[in-house]
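Open the model in your viewer and keep the selection panel at hand.

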Amino acid sequence: MDWINAIIQGILLGGLYALFAAGLSLIFGVMRLVNIAHGDFIVLAAFLALSTTTLLGINPLMALVIIVPVMAGIGYVLQRSVLNQTLGDDILPPLLVTFGLSIIIQNALLEIYSADPQKMNAGPIETASIAVPGGLNIGVLPLLMFVVAVAVIAGLQWIFYRSALGRAFRAVSDKQDIAQLIGLNKAHVFGLAMALSLAVVGIAGVFLGIRTSFDPSIGPGRLIFGFEAVIIGGLGNLWGTLIGGIILGVSQNIGAQINPGWQLLAGHIAFLIVLAVKPRGLFPRID
Amino acid sequence: MSSSSYTISRSSRASRLAAIFGILLLVALAAAPWWAGRADMRLLSEIFLYLSLACLWNLLAGYAGLVSVGQQAFVGFGGYMLFALAMFAGLSPLAAIPLAGLLGALIAVPVAVLIFRLRGAYFAIGTWVIAEVFRLSFAQVSALGGGSGTSLPVGIVKAMASNRSMREATTYWLALGMAVLVLVVIYLLLRSRNGLALTAIRDSELASTNYGIDIWRHKFVVYVIAAGLTASTGALIFLQKLRISPDAAFSVNDWTAFVIFIVVIGGIGTLEGPIIGVIVFFLLRETLADLGTTYLLILGLVAIVVMLKAPKGIWGLIKARYGIELFPLSRRVVDRDLEN
Amino acid sequence: MPDALLATRELDAFYGDFQALFGVEIAIEPGEVIAIIGANGAGKTTLMRSITGLLNNSPEMVTYRGHEIGSLRADLIARRGIAMVPEGRQLFQSLSVEENLIIGGQMGRKGPWTLERIFELFPVLKERRAVPATALSGGQQQMVAIGRALMSNPDLLLFDEISLGLAPIIIKSIYDALPNIIGDGMSTIIVEQDIAKALSVATRVYCMQEGRISLEGRSDALSREQISAAYFGV
């Protein structure tokens, strides 16, 4: 029974990991940029939500309404003012600049909020659960987060493949010069992609802050989870990323079930096994 | 002036002057136990070890196109191997240091086979995962203190040398020797066929996503050598600290962020860059370290600004302006009549 | 030519230290069709890149409707009504045929060209609208590339090497369709290596050689000898 419970919890946790991963995957798909500071932005969003909830006295879930557009705005400005300058044939500048950003965000958060762990309280919903046949209880909050994660993935999928914005993303990703020739400003399109990425990060950060305690140093760990979900699922495949997140979540929970010290290790090992057996991920995009 | 008076040369006046100056500097530094204080020697050792880490990271990122943010995996691994070999195999630390390097190179083989499947930036994060796996794994080894770590037993430390000042001189010389060894190995490696191939690869396929077996092999060799030397350096670092824990051994800030900062500031893809960078880094640290987190904030900002405004770093600016090179790597056509 | 739609003046263009164009001067009047011919490496594509903004120069070197656009970003130039059918088609491989056409019209410029009219012009594209653009044959891809440029309802349309790499029969069908495309009084610049084809549609011709204009004149006034002298430099 414990095992089944661990697996179910792992699946629900996987939704959160997919949220960590989706924004990462999106910007890589559009501009071949890997944002090393991605995890730190998740933590930044969590802290912003913390400040918002204490300042306004609202439920952290309500804070989403503020945090998501704020993060999107940060993403757009960051891309236009800094990251666009790093894009080119050389992979070093974007990598090192986002690495520098990661250090800046971590230490700025440390300066402002100190190293103490924080947590947000979403109220009674945190303890509510649904009894399912077989004597299991599924928490309402984890379930809600999972449903939101699936909805976000579906939404991103729709934007990317069905909307005008998605067409622009794909066109610029395919051929930057030619996209300019039909009137697309790539700097703006890249800005929108980063805005969308950080909007998802906003959701992920709020959820993270409700689910677990957080402190300024945990960003890189979230980046790694997101990255592992992307690689397990297969580059460029959003639904694959969701499954990658689930595999990661389940592996971690099974590991923890065996020995609490093995939780993270089990997730990393699952990732390394996939990398060894199917280096392009379980569901690579067919181009 | 006949055509036969032209030769192909790597050295220049600047590089020969630098060589003479370098040898003098080396002699002076080797004599430090006779002229420097205890604190100065500790600082110098730390500088040498950071120089060695920076040169190795630069070899990977600046020459082989392997941008790693997980070199702390090998620093920590080397440190832990030193402790394990000294505590359980009864080896003297002096013998354990090269052995830790060898083991680091060995473990790098399967690691490389795995993570070479990732390209570019994803390779970078892959190296980070490996470092995390190492950290979490060593945290599980209770014989080495698990998550809280362990200290090197006093007996082992005392057996290194007859008295404290001799011991300090020994670790100092080891650190200096490590930096020199790393510089020499990298210099020879870059002048070898392998190095020429690397430069060709770097210059032609920076963003390439697919490379052939030959390129794979060149990169593999560099990765394994860098891992071995990084592990040896790690062993030395923790021989100086006398205490090791997973968080300290596999710290991304200490062993990768600072190292990247040094290389970026100094000039990536040049041998001189890390030397300049390490000097700048320690000057900043000695003057600003009291600021704590603000100091790290400044480091991050400086690194970003340099990357955006002067991607070749301080040395790149000097080289572009004066065209000098201290380590003669590029070949030049020299008119003998003018030279003599 | 004071009322030229587009003109270049003493256009020098560089790739880094390499100078690709030397004092190039061309002009095109509203509704005119001109051809630019020249051998490989003569600078034709560089000229196209300079006009469309993919290569930036001094502002005054390219003027369009009296405005200096020589240093304007490519997307802003496109918004002013200059479109190009690039060499080698250059379709967006992640987009379907239909999406390639729709995105061509994403600026929302008003004019005669709509998705329906493109499909009327090239019915085969309507049949294959849902397939990835790169799954088409070379000739069909060229139709998509032309359609994509037309969808922006340009005032000035550039064709860069439309016949390069296509079978003769396909080149013929595309040239047969050209009058329908440019018949609306659209100004057109056709870049070609195939001299005969270029002369058949253009009223005036510029010949380029080693980054310079080596000959210019009305198509019907130039002799074969003049052209081959300007083309090959013999």
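**Stop one: a strand pair in chain C**

Select Ile36(C) and look across to strand 10 of chain C: the bridge partner there is Val191(C). This is a predicted model. Now widen the selection to residues 33-38 and 187-192 of chain C, which are strand 5 and strand 10. The two run parallel and share five bridges.

**Stop two: the whole sheet**

Six strands make up an open sheet, ordered 8-9-10-5-11-12, with mixed pairing. Go to the edges next: strand 8 (82-85) and strand 12 (212-218) of chain C. Each has a single partner strand, so one side of each has no neighbour in the sheet. Direction ignored, neighbouring strands are turned by 15° against each other on average.

**Stop three: the helix across the sheet**

Select residues 168-182 of chain C, helix 7. Which strands does this helix lie across? They are strand 5, strand 9 (156-160) and strand 10 of chain C. Against strand 10 of chain C, helix 7 of chain C runs at about 155°.

**Stop four: chain A against chain C**

Show chain A beside chain C. Here 16 residues of chain A are in contact with 24 residues of chain C. About 1,800 Å² is buried between them, and carbon and sulfur atoms give 58% of that area. Pick out Arg167(A), Leu181(A) and Ile182(A): within chain A they lose the most area to chain C, together 35% of what that side buries.

Next, select Arg49(C) and Asp177(A). Their side chains meet in a salt bridge, 3.8 Å from N to O. The count of salt bridges between chain A and chain C is two. There are also 10 residue pairs in polar contact across this interface, both residues at pLDDT 80 or more. On the chain A side, helix 6 (164-174) and helix 7 (176-181) are the elements that give two or more residues. By class, that side has eight nonpolar, three polar and five charged residues.

**Stop five: chain B against chain A**

Finish with chains B and A. Contact joins 41 residues of chain B to 44 residues of chain A. The two bury about 3,700 Å² between them, 82% of it on carbon and sulfur atoms. How many salt bridges cross this interface? The rule finds zero. Six residue pairs are in polar contact, both at pLDDT 80 or more.

Colour helix 3 (38-63), helix 5 (93-115), helix 6 (120-139), helix 12 (252-266) and helix 14 (293-309) of chain B: these elements each give two or more residues to the side that touches chain A. Helix 6 of chain B supplies the largest share, 13 residues. That side of chain B has 29 nonpolar, nine polar and three charged residues.

Note on methods
Residues numbered from 1 in each chain as written. Chains lettered and ligands numbered in written order. Predicted model: local features only at pLDDT ≥ 70, side-chain atom pairs only at ≥ 80, totals over all residues. Heavy atoms only, no water. Contact = heavy atoms within 4.5 Å. Buried area = accessible area lost by both parts, 1.4 Å probe. Salt bridge = Lys/Arg side-chain N within 4 Å of Asp/Glu carboxyl O. Polar contact = N/O pair within 3.5 Å; in protein donor to acceptor, adjacent residues only side chain to side chain. Helix = DSSP H or I, 4+ residues; strand = E, 2+ residues; numbered from the N terminus. Nonpolar A, V, L, I, M, F, W, Y, C, P; charged D, E, K, R; others polar. Pairing = 2+ DSSP bridges. Axes fitted to C-alpha atoms, helices over the stretch in contact; angles between N-to-C directions.
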